[in-house]
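Thanks for coming, everyone. Please have a look at the chain on the screen, and I will walk you through it.

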Amino acid sequence: MTKSYSTKRIIFIIILLTFSIFFTKQIFRINISLLDDDYDGKYIYVIDRKSQSKIISKNHKTKAYPASLTKIMTTVVGIENIEDLSAITPIDRDTYLKMVDNNSSMAGFYANGQTTYRDLLYRIILNSGGQAANSLFINISGSVEDFVKIINNKASELGLHNTHFTNPKGPHDKKTIYYCL
């Protein structure tokens, strides 16, 4: 399987998970304005992709923790920085042990184990696996600080000017981690 095919497959999964509300509207012709009152989410921002006009907004300018949106950005940056998704990569021992100590979300890997980059990417998205995100950033950039620079640059490149990440996994950081449109 080529890198291009695998990359497209992973990006498709991310898009499918992230923007399912757009697909629902198009497939079932739901009047999306009805969702504004019925939706339980605290923050909502939906735009029409063709006209770029706002369809729904709810607390969209309020600062909020990004949680798993961080893992989506980590995955996108990972895809862009990995040449061979089938390459074998180690599971970082130090970050693994810290995650065990903090009872963090895990993806089924063990310290000093090995897996492919593809498996790391899948487990970041499908398992919300913080340990997979840790191993990915360690193998791409060497440190949290360097990886955070990469994902913040990517956010800026995507026009997310009020977005700031402080880690690749998404746990709350009361000082600086916010997601805001």
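**A loop, then the helices**

Let's start at Gln 52, in the loop between β1 (44-47) and β2 (54-58). Helices (H or I, at least four residues) and strands (E, at least two) are DSSP runs, numbered from the N terminus. Phi of Gln 52 is near 65°, which is positive in a residue other than glycine. Is Gln 52 buried or exposed? Buried means under 20% relative accessible area, exposed over 50%, and partly exposed in between, with a 1.4 Å probe and protein chains only. Gln 52 has 53% relative accessibility, so it counts as exposed.

A word on what you are looking at. This is a predicted model: local features need pLDDT of at least 70, side-chain atom pairs count only at pLDDT 80 or more, and totals for chains, interfaces and linings use all residues. Residues are numbered from 1 along each chain as its sequence is written, and side-chain values use heavy atoms, with hydrogens and water left out.

Now the whole chain. It holds eight helices and four strands. Starting at the N terminus, the order is α-α-α-β-β-α-β-α-β-α-α-α. The chain has 181 residues, and 36% of them count as buried. Its accessible surface comes to about 10,800 Å². Carbon and sulfur atoms own 52% of that surface. Those areas come from the Shrake-Rupley method with a 1.4 Å probe; for residues, only the protein chains shown count as cover.

Next, contacts. Contact means heavy atoms within 4.5 Å. Take the contacts in the chain with a separation of 6 or more: 55% of them join residues 24 or more positions apart.

On to α6, residues 117-126. How many of the 10 residues of α6 are buried? Seven are, so α6 is largely enclosed by the rest of the structure. The buried ones are Tyr 117, Arg 118, Leu 120, Leu 121, Tyr 122, Ile 124 and Ile 125. Just after α6 comes Ser 128, with a positive phi of about 50°.

What does α6 pack against? One partner is α4, residues 69-81. Their axes are 9 Å apart, at an angle of about 160°. Axes are lines fitted to C-alpha atoms, for helices over the stretch in contact, and angles run from 0 to 180 degrees between N-to-C directions. Angles under 35 degrees count as roughly parallel, over 145 as roughly antiparallel, 65 to 115 as roughly perpendicular and the rest as oblique. So α4 and α6 are roughly antiparallel to each other. Their crossing is left-handed. That means the near helix is turned anticlockwise from the far one by less than a right angle; clockwise would be right-handed.

Who meets whom? From α4 we have Lys 71, Ile 72, Thr 74, Thr 75, Gly 78 and Ile 79, and from α6 Leu 121, Ile 124 and Ile 125. By class, the contact of α4 with α6 has five nonpolar, three polar and one charged residues. For the classes, Ala, Val, Leu, Ile, Met, Phe, Trp, Tyr, Cys and Pro count as nonpolar, Asp, Glu, Lys and Arg as charged, and the others, Gly among them, as polar.

α6 also packs against α7, at about 135° with axes 8 Å apart. That makes α6 oblique to α7. The crossing of α6 and α7 is left-handed. On the α6 side are Tyr 117, Leu 120, Leu 121, Arg 123 and Ile 124; on the α7 side are Ala 132, Ala 133, Ser 135, Leu 136 and Asn 139. That contact divides into seven nonpolar, two polar and one charged.

Now α7 with α5, residues 93-101. Their axes come within 9 Å and cross at roughly 155°. They are therefore roughly antiparallel to each other. α5 passes α7 in a right-handed crossing. Thr 95, Tyr 96 and Met 99 of α5 touch Gly 130, Gln 131, Asn 134, Phe 137 and Ile 138 of α7. The tally is four nonpolar, four polar and no charged residues.

With 3% relative accessibility, Asn 134 counts as buried. Setting aside neighbours within four places in sequence, it is in contact with Thr 95, Met 99 and Lys 169.

Last stop: Gly 170, in the segment after α8 (144-157). At 8% relative accessibility, Gly 170 counts as buried. Not counting residues up to four places away in sequence, Gly 170 touches Ala 67 and Thr 70. Its C-alpha atom is separated by 9.6 Å from that of Ile 72, 98 residues apart along the chain.
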